[in-house]
Amino acid sequence: MEMSAATHQAFPEADSRKEEPSVKVGKEEWERVKKRLRAELGEDVFSSWFASVEIEDEQNGLVILSVSTRFLKSWIQSHYGELLMALWREECEQVRRIDLYVRGAVRPKTVQNKAPAKSAEAGNKDSGFARPSAAAAMGQEQDQLGGSPLDPRLTFETFVVGQSNTLAHAAAKQVAMAQPGQPVSFNPLFLHASVGLGKTHLLQAIAWEAKKSNPTARVLYLTAERFMYSFVQALKSQAAIDFKDTLRDIDILLIDDLQFLQGKSIQQEFCHTLNSLIDGARQVVVAADRPPVELESLDERVRSRLAGGLVSELQPLEKELRRSILSDRATQAARRDPNLTIPELVLDHVAGIIRSNGRDLDGAFNRLMAHNQLTGAPISIEMAEQALKDLIRSKEPRRIRIEDIQRVVSKHYNVSRSDLLSSRRTRTIVRPRQIAMYLSKMLTPRSLPEIGRRFGGRDHTTVLHAVRKIEELASSDNTLQQEIEMLKRNIAE
C-alpha cells in the first residue's frame, strides 16, 4: 500500500537514520500518546489498531514501536502516520522520526527485558506478547496471500440496510454464508454504485463473514490497483506462475474498484483467473462504479463474463436510510459517552440536507461530534447548520458522465445503449443519439472529438452537426424543449 509524502516523513526507511539531539522518551510519554489516540479515534478504532502496539526503544529523536503483524504496520502507516507523529511531537518536540517494526521480523535496536504481557488471551509465554486478535489474524492471512488491507469495522453488523441496497445486501450475505459443497448461487456477483454507497463495505463484510462461517476458506480481497501491482511484480521477479496458482486456489476472490483495471496483459490474466475460478465453482465478487456493459476500458470478454452472473446496483440512499444510518451512529456514540444527547430533530435535519452518499453522512456526524466536544456547545439544528454549511452539496452540482447521459436517454426513448453507439441510421435511433450528443456537449467538459469517440468512434463533425441540429429544433419545438429539460433533471439526480 502506498503512503503519502507526509506519512513517509513520519515513517522513513530505517537505513536513512540521522543523528538527532539526544532525548529521553519513554513509557510514560507513550501512555499519554495512547490516551490521546483513544480520545481522538474512539475506543473501537483504538482497540482494533493500537491496543497491541508497544514501545521498544527511544533515543536521539527516534521512537521505535513494534506491532504483531505486517498488516497492522501497513494500516497504521497508511492511515494514522501523520496523527501518530503529531501526537508524539506534542508530547516531546525533539522527536524527529518514528520507526514501526513487526515483532520478530526485525530485531529491535535495543532489547529490553520485559515481563510477559498479562492478558486473558496471552499466547506464547516466552514471547511476552498477546495472541493476535481475529482481525489481526485475518489481516495476517491477507498479507500472506498478497491481499489488500481489511477494515474490521466493515462488517454486515455495521451495514445499515434500506430500500436502495436490500438486494445487494441479501446477495452478499448469501455468498458469504455459503458452506463448502453448496452450489454457488451468484457467480460472479457484481456490485456497482457511485462513490460512498457501500460497495467496499459489502465486499469486506463478505470477507469477514465468510471466514467466520468457514475458517478454512481461502478468502482474498484485492483492489484492482493491488491486482495490477502484484501481477507486474510477479512478472518482474519471474514468479508469474506462482502468482497465477495462488489466485486460482482461492475459494472467494473479491475485487474492488474494477474500473481502474488497465493494461491488455493484466486484463487477459484477470479474464483467465475469472474463468478458472468460476468454472471451478469458486466464488468471485466484483465491485465497480458502473455496470459491466459500461466498463468500456475492459476487454469485451471480461465484460461479458461479469454480466453473466448477478449484477446488482446500490442506489442512492433514500432519506429513511440516511436517517437510519445517523441513528445507528448516534447509538454507537451514546455507548461511548452516556452523557451525550443528540436530539431526534437534529438527526432528521441532517438526513434531509446531506443527500450525496454515506461517506458525507459519516463526515457530517463526525463534524457534529467534534463541535460538541471541542466547544461544549449542545447539538442543535442551529449548530448543525453552522457546522455543516460547507458539506451541503446542493450548491455543488454532481459531476456528470457521458455514460450517465447515454443511460438516461436510452431509457427515455426505449432504445439500447448499443443502438446509440451503433451505425444504425433509422429515425428512432438517430434522434435519441443526437440528443445524447447534444446533452454530452452541454453537461460535460468533454471535447467534440472525445464525445465522438464515446459514441462509437464518430468524427467530431458528426457531434457538431448533432448539437446544431438539436439546438435548431429545440428553438421552435416546445415539446422537444420540455423533453430536454426533463432529461437534464433526470441526469442530474
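How many bridges join S5 to strand S6, and in which direction do the two run relative to each other, parallel or antiparallel? In this predicted model, S5 and strand S6 (residues 252–256) run parallel and are joined by five bridges. Within this pairing, Tyr221 stands opposite Leu254 in S6. In general, the strands of a sheet pair through backbone hydrogen bonds, and the pairing may be either parallel or antiparallel.

The two strands belong to an open sheet of five strands, which follow one another in the order S5-S6-S7-S4-S8 with parallel pairing. Strand S5 (219–223) and strand S8 (310–313) form the edges of this sheet, each of them pairing on one side only. From one strand to the next, the twist averages 15 degrees. Helix H7 (residues 199–213) packs on the sheet, where this helix touches strand S4 (189–192), S5, S6 and strand S7 (283–288). The direction of H7 makes about 160 degrees with that of S6.

A further packing arrangement involves two helices. Helix H12 (residues 319–336) packs with helix H14 (residues 358–375) at an angle of about 40 degrees, and their axes lie 10 Å apart. Because of this angle, H12 is oblique to H14, and the crossing of the two helices is right-handed. On the side of H12, the contact is made by Arg322, Ile325, Leu326, Arg329, Ala330 and Ala333, whereas H14 contributes Leu361, Asp362, Phe365 and Met369. Seven residues of this contact are nonpolar and three are charged, while no polar residue takes part.

Definitions and conventions:
Residues are numbered from 1 along each chain as its sequence is written. This is a predicted model: local features need pLDDT of at least 70, side-chain atom pairs count only at pLDDT 80 or more; totals for chains, interfaces and linings use all residues. Side-chain values use heavy atoms; hydrogens and water are left out. Axes are lines fitted to C-alpha atoms, for helices over the stretch in contact, and angles run from 0 to 180 degrees between N-to-C directions. Helices (H or I, at least four residues) and strands (E, at least two) are DSSP runs, numbered from the N terminus. Angles under 35 degrees count as roughly parallel, over 145 as roughly antiparallel, 65 to 115 as roughly perpendicular and the rest as oblique. A crossing is left-handed if the near helix is turned anticlockwise from the far one by less than a right angle, and right-handed if clockwise. Contact means heavy atoms within 4.5 Å. Ala, Val, Leu, Ile, Met, Phe, Trp, Tyr, Cys and Pro count as nonpolar, Asp, Glu, Lys and Arg as charged, and the others, Gly among them, as polar. Two strands pair if DSSP finds at least two bridges between them.
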